[in-house]
Structure formats: C-alpha cells, structure tokens
Amino acid sequence: MTIKPDKAPAGLVFASILLWAEGAFVGFLAARLGLALLSGETRSFLTSVALFALVTAAAAWVIFVGFSLLQRKRWARSGGVFWQLVQLAVATGSFSGQFGSQAIGWSLILPSVLVLGLLFSKKVVAATMGSDDEPVSEN
C-alpha cells in the first residue's frame with residue numbers, strides 16, 4: 001500500500017480505521033455464515049451460499065474502501081458514504097419487528113453518524129479532492 005507523501009488528516013485516518021473495523025466485523029459475520037453452511041445448519045443450501053457470497057464480498061469491499069480512502073481516492077469517500085447509509089437502513093429496521101434490538105440499532109447508528117461526519121469534514125473532503133489518475137509517490 002502506498003500513501004501520498006503529505007500527512008493525512010486525522011479525520012481521514014480515523015474514518016479509514018472505522019471502515020476497516022466495520023469490514024472486519026462483516027467478515028466475522030461471513031465466517032459465521034460459512035461455518036453454518038459447512039456444518040449443515042442451514043434450511044436452504046443455495047440461499048445460504050448466496051448470502052455467504054454477498055456478505056463476504058461486502059466485507060472485502062468495505063475493507064478495500066477503507067484502504068482506498070487512506071490513499072485519498074476520490075471515489076472512496078462515496079463508497080464510504082454508501083456503506084454508512086446501508087448501515088443506517090439496517091439500524092432503523094433493527095429497532096422493530098420480532099427480533100428487534102435497540103443494542104444492534106444504536107451500535108450501527110453511532111459509528112455510521114461518526115464516519116459520515118468525518119467523510120464530510122472540510123479536511124477529509126480537501127484531502128480526497130485530487131485526481132484519481134495522479135500517480136502515487138512511494139516513500
């Protein structure tokens with residue numbers, strides 16, 4: 001991984017770390033789904049395989065967005081915003097229903113709002129406004 005030579009703003013680094021943590025947690029959920037699939041704890045094999053593939057891809061993508069944000073890729077901010085909005089949608093649904101949980105809802109809302117605030121901060125926006133085609137210097 002290469003990082004641009006000037007020092008990254010603290011908000012950019014913290015947003016990247018939070019995205020990596022979110023991606024790691026989604027990866028943990030994918031691992032649990034994979035174990036359930038291997039142990040035969042699923043009702044529908046094909047549905048479980050599809051869900052496992054989607055969750056695994058989501059984990060990889062969120063982690064990749066975190067690394068790309070640290071590399072100041074302009075598109076990574078959009079990817080980070082999209083992921084936070086997905087989390088907020090899941091969080092709002094987790095407050096109600098048969099398996100509703102306030103703990104899950106708030107544990108998704110708080111980091112999402114924090115990351116959104118960081119991604120829209122002036123320093124992070126300025127740090128990621130460079131062209132995606134610029135060569136990244138290696139130090």
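Predicted model: local features only at pLDDT ≥ 70, side-chain atom pairs only at ≥ 80, totals over all residues.
Residues are numbered from 1 along each chain as its sequence is written, and side-chain values use heavy atoms, with hydrogens and water left out.

**Helix 1 with helix 3**
- Helices are DSSP runs (H or I, at least four residues), numbered from the N terminus.
- Axes are lines fitted to C-alpha atoms over the stretch in contact, and angles run from 0 to 180 degrees between N-to-C directions.
- Helix 1 passes helix 3 in a left-handed crossing (the near helix is turned anticlockwise from the far one by less than a right angle).
- Leu19, Glu22 and Val26 of helix 1 make the contact with Gly80, Trp83, Gln84 and Gln87 of helix 3 (contact means heavy atoms within 4.5 Å).
- By class, this contact has 3 nonpolar, 3 polar and 1 charged residues.
- Ala, Val, Leu, Ile, Met, Phe, Trp, Tyr, Cys and Pro count as nonpolar, Asp, Glu, Lys and Arg as charged, and the others, Gly among them, as polar.

**Helix 2 with helix 3**
- The axes of helix 2 and helix 3 cross at roughly 135° and come within 9 Å.
- Helix 2 and helix 3 are therefore oblique to each other, and helix 2 passes helix 3 in a left-handed crossing.
- Residues of helix 2 in this contact include Trp61, Phe64 and Leu69, and those of helix 3 include Trp75, Arg77 and Phe82.
- The contact of helix 2 with helix 3 has 10 nonpolar, 3 polar and 1 charged residues.

**Helix 1 with helix 4**
- Helix 1 and helix 4 have axes 9 Å apart and pack at an angle of about 145°.
- Their crossing is left-handed.
- On helix 1 the contact is made by Gly11, Phe14, Ala15, Leu18 and Glu22, and on helix 4 by Pro111, Leu114, Val115, Leu118 and Leu119.
- These residues divide into 8 nonpolar, 1 polar and 1 charged.

**Largest pocket**
- Helix 1 gives the largest share of the lining of the largest pocket, 5 residues.
- The lining divides into 14 nonpolar, 2 polar and 1 charged residues.

Technical notes: Helix = DSSP H or I, 4+ residues; strand = E, 2+ residues; numbered from the N terminus. Parallel < 35°, antiparallel > 145°, perpendicular 65-115°, else oblique.
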